[in-house]
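Hi,

Here is the structure I promised to send over. Have a look first, and then read on for what turned up.

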Amino acid sequence: MTITGPVGSFSFNDIESSSFGLICKSVSRPILPAAKLKRVDMPGASGVFDFPNTEYSNRPITMRITYLSADFEAMRINARLIAGWLSQPTWCKLVINDEPDLYYLAKVAAETNMAALFTAGQADIVFDCLPFAYSDTGITEVLNDLTDSYNNVFTFTNPGTKTIDYRCPEGSQSIISVVGTWSSLVITITTPEDTGVILCYYKAQNASPHPTLEIDNIDMTVHLITGQGPNDWTNEFGALTSGMDTFVPIYAGENVWTIEGADVNLDSIGVEYVPLWL
């Protein structure tokens with residue numbers, strides 16, 4: 001997203017701060033969100049037992065706005081307009097102009113002292129943001145024309161720094177689309193630890209024209225889409241025999257998937273995802 005305002009400008013809910021005549025700067029933007037600690041105090045011993053943890057709390061971002069005007073009436077009216085802009089019931093995109101290719105999903109939850117605009121011409125806005133930064137552009141990777149023994153290794157690189165899976169917050173995306181025929185379908189993932197994650201779908205697909213098997217790794221759903229209508233799909237979650245508890249994670253960096261099974265003859269397998277950054 002391109003922000004046309006001066007250095008320090010930001011966009012919230014697709015409206016730029018510069019449209020209100022504001023001069024802005026980032027006061028607090030933590031480089032990392034706070035980890036959700038999982039610890040147990042050890043009676044009779046020093047320290048605590050610390051459980052491994054990869055979950056994070058929301059990230060507060062504070063922006064300072066300055067409004068320069070000698071017209072008190074115009075300032076009062078503008079303050080009301082700014083309050084309406086910031087008062088949103090749902091998560092909205094927050095884009096800061098020094099990172100125009102990333103956005104946060106944010107709300108203004110804390111009190112904002114708009115009266116400070118009248119007296120000092122400044123006010124601090126604290127945005128309550130979901131933990132990760134989202135790429136402004138989603139990525140689609142596709143491998144065409146493969147069988148269970150030919151051209152069946154699907155490799156792509158996630159440029160983000162966060163694993164994308166069912167534990168990710170609202171706004172995350174990771175959808176696999178499979179088009180073709182098979183008696184059974186198995187997706188094996190080589191993880192960074194080389195242990196392997198396997199998703200098994202044991203329901204034959206031989207229809208023509210070929211429908212699309214859609215695997216949503218965030219919502220943990222499996223749908224067979226047979227047409228363009230809103231009801232042209234069936235719930236196929238029950239056809240999974242493995243991988244129901246994790247689905248298919250997308251790791252930061254290189255991902256290697258091997259497509260196997262029985263009588264696999266695919267037109268394509270693709271994945272659409274939005275990279276995430278800590």
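To start you off: in which strand does Val40 lie? It belongs to strand 4, which covers residues 39-41. Keep in mind as you browse that this is a predicted model.

Val40 is also part of a nonpolar patch on the surface, together with Met42, Phe49 and Phe51. The four have about 340 Å² of accessible area together. Val40 counts as partly exposed because its relative accessibility is 39%.

Now the overall picture. The protein chain has two helices and 22 strands. Its radius of gyration is 24 Å, whereas a compact globule of 278 residues would come out near 19 Å. The C-alpha trace spans about 75 × 60 × 30 Å along the principal axes. Of the 278 residues, 42% are buried. If you take contacts between residues at least 6 apart in sequence, 71% of them join residues at least 24 apart. The chain exposes about 14200 Å², with carbon and sulfur atoms supplying 52% of that.

On to the inside. The largest nonpolar core has 41 residues, and the ones touching the most other members are Leu185, Leu213, Trp257, Ile259, Leu266 and Ile269. Strand 21 (residues 265-273) gives the most to this core, namely four residues. There is also a second, separate core of 25 residues, with Leu22, Met63, Tyr67 and Tyr104 among them. Back to Trp257: beyond its neighbours within four places in sequence, its contacts include Asn152, Phe154, Ile176, Thr188, Val248 and Val271.

Last, the charged pairs. The structure holds five salt bridges. One of them joins the side chains of Asp98 and Arg29 at 3.0 Å, N to O. That pair links distant parts of the chain, 69 residues apart: Asp98 sits in the loop between strand 7 (92-96) and strand 8 (102-108), and Arg29 in the loop between strand 3 (22-28) and strand 4. Arg29 also meets Glu99 in a salt bridge, at 3.4 Å, N to O, and these two are 70 residues apart.

Another salt bridge pairs Lys203 with Glu236, their closest N and O atoms being 3.1 Å apart. Lys203 is in the loop between strands 15 and 16 and Glu236 in the loop between strands 18 and 19, so the pair ties together parts 33 residues apart in sequence. Which of the two is buried? Glu236 is, with a relative accessible area of 4%, while Lys203 is partly exposed at 42%. As for Arg29, Asp98 and Glu99, salt bridges with shared partners join them into one network.

Cheers

Methods. Residues are numbered from 1 along each chain as its sequence is written. This is a predicted model: local features need pLDDT of at least 70, side-chain atom pairs count only at pLDDT 80 or more; totals for chains, interfaces and linings use all residues. Side-chain values use heavy atoms; hydrogens and water are left out. Patches are made of residues with over 30% relative accessible area and no salt bridge: like charges are joined within 9 Å, nonpolar side chains (Val, Leu, Ile, Met, Phe, Trp, Tyr) within 5 Å. Accessible areas come from the Shrake-Rupley method with a 1.4 Å probe; for residues, only the protein chains shown count as cover. Buried means under 20% relative accessible area, exposed over 50%, partly exposed in between (1.4 Å probe, protein chains only). The radius of gyration is taken over C-alpha atoms; the globule rule is 2.2 Å times the number of residues to the power 0.38. Contact means heavy atoms within 4.5 Å. A nonpolar core is a set of buried Ala, Val, Leu, Ile, Met, Phe, Trp, Tyr and Cys residues joined through side-chain atoms within 4.5 Å.
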